Structures are given as structure tokens and as C-alpha cells.
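Welcome! Have a look at the structure below, and then walk through the briefing that follows, one topic at a time.

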Amino acid sequence: MGGSSPCASCKLLRRRCAKDCIFAPYFPSDDPHKFAIVHKVFGASNVSKMLQELPVHQRPDAVSSLVYEANARVRDPVYGCVGAISYLQNQVSQLQMQLAVAQAEILGIQMQQEPAMPTQIEQDDKSFPLATNYNLDNISQSLNFASSSNVIQDPALKRESLWT
Amino acid sequence: MNPGRCAACRYLRRRCAEDCILSPYFPYNDPQRFVSVHKIHGASNVTKLLQQLPTHLRAKAADSLYFEAQCRVEDPVYGCVGLIFLLQQQIHSAESELAKTQAEIAVLKSQAQHTQAQPFEAESDVNNLLQEQLDNIANVSFSNQASSGFIN
């Protein structure tokens, strides 16, 4: 009796784990919850297709992001990751406002001190346009997520290292 | 052919029941919406998810599923998590910039206070100097007068 143990995916799906199983590198048998949650939200078939369409070197990150999204959806079945996005967007807006106020204050102080001199506020662009390729403005307006009480406010979102 | 089928049932080629759970959120006139969601999440998973939610929350859930599916279609590696990364970076940069700007304000305010204190000192110095000069002039003329016998 040889052969390694089936991966978490094949265990859950109760099938033979082939040598070239597409799930095996990313869903080891010692972490069954990881695949279970991805399967629940996306479905094994969809995950398999998604991974097949990606080059091998991009699959680990794809799996990590799928696991993250699946976890977010299980925690918040209504908004999933979008709740987190809405929360972070609000933070960015607030910081932009605070920055604008602070920069206006500097301008005011400089004008008081040297009214004859031209203002020397740094003109480099400190605005932080949101990712326009995701068409956030339209989505935000139509979804109106900001006021949801279900928004996930995970402290981990405030800093990086989403990947465990 | 039932012209009243929702986009989901049309795509899945099945009869659209009157109580079809997907019908309110995947109307027939927006087939692409269901195609995206089905591609990423699957009709079965979407149905189960919506069934577990109270009716008044299903529309928002369907919208968020569609948003996530669109993000994943556009970015097959990171999906909407890529957007979370981007926002986190923006927050980090904005916080740094804000801290730097607030430090600049503190420095400018400190400089302004110091500058305000100095002009008063300079003015009194000038006044003292002028008074001294006037006194000297007065003394000289007095002594001149005295020496000239003006004062007895």
C-alpha cells in the first residue's frame, strides 16, 4: 500500500487524488477547512477552472485570495469582501479630508508669515485616486454599502499581510 | 419558450418558476450579470447563499456577489482582494503624509511663536538706544551751556 494521502479537496470530494491533481499543491490534507470554505463559496468545479486558466506561478496567490474572499463571505454572507472595501474606502476619504485640512493650515501659516512670497506648498499629487478599473464609483452608488452595520471591521484590514 | 424567464433560468435552460429565488436579482434584460456570477460562484452556491438570507438582504447580497465576480473576471489572480491591497496602501501613504504634514505645522507654529517674541525685544532695544542718544545730546548741550557760563 503506497502512495501519499489524498489532498483536502479529494478527501472532501471523495475521489481519487491523482498525481497531477490541480488542487493538491494548494490544499494539503492537514488543512481541510481551507478547501471546505472555498468549495462552499465558489465550488470545486469553478475553482478548478479558475486555476487551470492561470499559469502555475500565479496559482498560489489566486488560491490565497480565493480563501480570503471565501472567509469574508462566510463571516458576512451579505457583503463579503465588499464590506471590507467599503470600510477602507471610507478610511481613505477621511484621511484625504484630514490631509486637505492640514495642507490648508500650512498655507494659512505661511501666508501669515510671508505674505509677499509665493506659496511654497508642495504641488506633487497627494491625492489617492481609487482603482478606477474596478469602476468603484458606480458600484458604490448603486450598492450604498457604507452605512451597513454588517461591514466587517477587521483590524487586520488596517495593515497589510492578508496572507497567513 | 417562456419569454418571462429570468436571466439565470434562461442561461441554465430551465423553467423559471414563479417563486424562482434568482429571478428578482438576475433580470432577463441583464444576462451578463448572471453569467459573471455563475462563472465565479456557480448558480447552486448562489441559490444556497440567498436562501439562507432574509428576503430584505438578498438584493444587496446579489449585488456584492456580482461585484466580486466582476473583480475576479478582471483580475483572475487577486479578484477584489487586489482592491483591498490597493486601499491599504493608499491608507498607509495617506497616514504617512498626514503625519509629515502635521509635523510641518508644528514646526511652522513654533517658528511663528519665536518670531513674534523677537520683534518686541528689538523695538525696546531701539527705544533704549534712542533715549540714550537723546540723553547724550542733552548732556553735551548742558555742559556746553554750563561752560559758556550760561548757568550760574
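A:E69 and B:R72 form a salt bridge in this predicted model, with their closest N and O atoms 2.8 Å apart. A salt bridge here is a side-chain nitrogen of Lys or Arg within 4 Å of a carboxyl oxygen of Asp or Glu. The pair crosses between chains, since A:E69 sits in helix α4 (residues 59-75) of chain A and B:R72 in helix α4 (residues 55-74) of chain B.

**More on the salt bridges**
- Are the two partners A:E69 and B:R72 buried or exposed? A:E69 counts as buried, at 0% relative accessibility, and B:R72 counts as buried too, at 2%.
- For these labels, buried means under 20% relative accessible area, exposed means over 50%, and partly exposed is in between (1.4 Å probe, protein chains only).
- A second salt bridge pairs A:E105 with B:K109, and the closest N and O atoms are 2.9 Å apart.
- This pair joins two chains, because A:E105 lies in helix α5 (residues 81-113) of chain A and B:K109 in helix α5 (residues 80-147) of chain B.
- A:E105 is partly exposed, with a relative accessible area of 31%, and B:K109 is partly exposed at 41%.
- Within chain B, B:R33 forms a salt bridge with B:D63, where the closest N and O atoms are 2.7 Å apart.
- That pair links distant parts of the chain: B:R33 is in helix α2 (residues 31-40) and B:D63 is in helix α4, 30 residues apart.
- Both B:R33 and B:D63 are buried.
- Over all chains, a search of the whole structure finds 4 salt bridges.

**Nonpolar cores**
- A nonpolar core is a set of buried Ala, Val, Leu, Ile, Met, Phe, Trp, Tyr and Cys residues joined through side-chain atoms within 4.5 Å.
- The largest one has 50 residues, and those with the most contacts inside it include A:F23, A:F27, B:L22 and B:F26.
- Elements of both chains give two or more residues to this core: α1 (8-13), α2 (32-41), α3 (44-52) and α4 of chain A, and α1 (7-12), α2, α3 (43-51) and α4 of chain B.
- Which element supplies the largest share of this core? The answer is α4(B), with 6 residues.
- Another core, of 26 residues, lies apart from it, and among its members are A:Y68, A:V92, B:C71 and B:L108.
- Leaving aside neighbours within four places in sequence, A:F23 is in contact (heavy atoms within 4.5 Å) with residues including A:C7, A:F35, A:V47 and A:L51.

**Chain A as a whole**
- Chain A has 6 helices and 0 strands; helices (H or I, at least four residues) and strands (E, at least two) are DSSP runs, numbered from the N terminus.
- Of the 164 residues in chain A, 40% are buried.
- Among contacts in chain A with a separation of 6 or more, 59% are between residues 24 or more positions apart.
- Chain A exposes about 9700 Å² (Shrake-Rupley method, 1.4 Å probe), and carbon and sulfur atoms supply 52% of it.
- An unreviewed UniProt entry carries the annotation "domain: LOB" for residues 5-106 of chain A; such annotations may be inferred rather than shown by experiment.
- Over residues 5-106, chain A is 67% helix and 0% strand, with the end C-alpha atoms 65 Å apart.

**How to read the numbers**
- Residues are numbered from 1 along each chain as its sequence is written, and chains are lettered from A in the order in which they are written.
- In this predicted model, local features need pLDDT of at least 70 and side-chain atom pairs count only at pLDDT 80 or more, while totals for chains, interfaces and linings use all residues, and side-chain values use heavy atoms, leaving out hydrogens and water.
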